[in-house]
Amino acid sequence: MVKISEKAQKVIRDETFAKMQKLPIKYFDTHAHGDIMSIYTNDIDTLNQMISQSIPQVFASIITIVAVFITMLVSNWCLTLVVIFTLIIMLASTKIIAGRSAKYFIGQQKAVGEVNGYIEEMINGQKVVKVFCHEEKAKEGFDKINDKLLEESYKANKFANILMPILVALGNLQYVLVAIVRRNTINKWINKPKHRINCILLTTK
């Protein structure tokens, strides 16, 4: 997976650079140099992390879910329905929170590009800034875009950080519901005591 991610990153950089050679001069006049450089550094690096880390975790999670689901279904289909019900609630909660978080993460990446572009422009033109005593104006401009980056980063990570506690709480609720339903399930639905224990343990996976 590391080899695939690094190769994909190289291909993306090559295609991005080739595409940039075909862009008109107007594009470079209307976009800060640091913003353009951010595409080669922050954006591509973020994509590389997703390919090398997130995708393998997704495959591993899918295999675990399928194996646990089959085992639970064999052990007790009644309690499996309870787990599926709570799982739907978890997925809905994840979709809502992740949807809001994604919007702010996109804004965060744009803000990072703006900050990088502004810093590069100020460094390249530092002599001009000094000659015309533009230090305070430059600082005000930087504070403005830096505050924007802070706000976008705060909102993005706020929603991302509250997701796990919510899922843990829903998981605990699922555990309690399975225990309650197991206790009140008709005996003919549960043939062996070990099946009842298996379903409760598998809900924590």
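Is Lys139 buried or partly exposed? Lys139 is partly exposed, at a relative accessible area of 48% (buried means under 20%, exposed over 50%, partly exposed in between, using a 1.4 Å probe and protein chains only).

Before you click on, a heads-up: this is a predicted model, where local features need pLDDT of at least 70, side-chain atom pairs count only at pLDDT 80 or more, and totals for chains, interfaces and linings use all residues. Residues are numbered from 1 along each chain as its sequence is written, and side-chain values use heavy atoms, with hydrogens and water left out.

**Stop 1: the whole chain.** Colour by secondary structure and you'll see seven helices and zero strands (DSSP runs: H or I of at least four residues for helices, E of at least two for strands, numbered from the N terminus). Of the 205 residues, 26% are buried.

**Stop 2: Lys139 and Asp143.** Select this pair and you've got a salt bridge, with the closest N and O atoms 3.1 Å apart (a side-chain nitrogen of Lys or Arg within 4 Å of a carboxyl oxygen of Asp or Glu). The two sit four residues apart in helix H6, so about one helical turn separates them. Asp143 is partly exposed, at 30%.

**Stop 3: Glu151 and Lys155.** Here's another salt bridge, 3.0 Å from N to O. These two are also in helix H6, four residues apart. Glu151 is partly exposed at 43%, and so is Lys155 at 25%.

**Stop 4: Glu114 and Lys148.** Glu114 lies in helix H4 (residues 77-124) and Lys148 in helix H6 (residues 135-184), so the pair ties together parts 34 residues apart in sequence.
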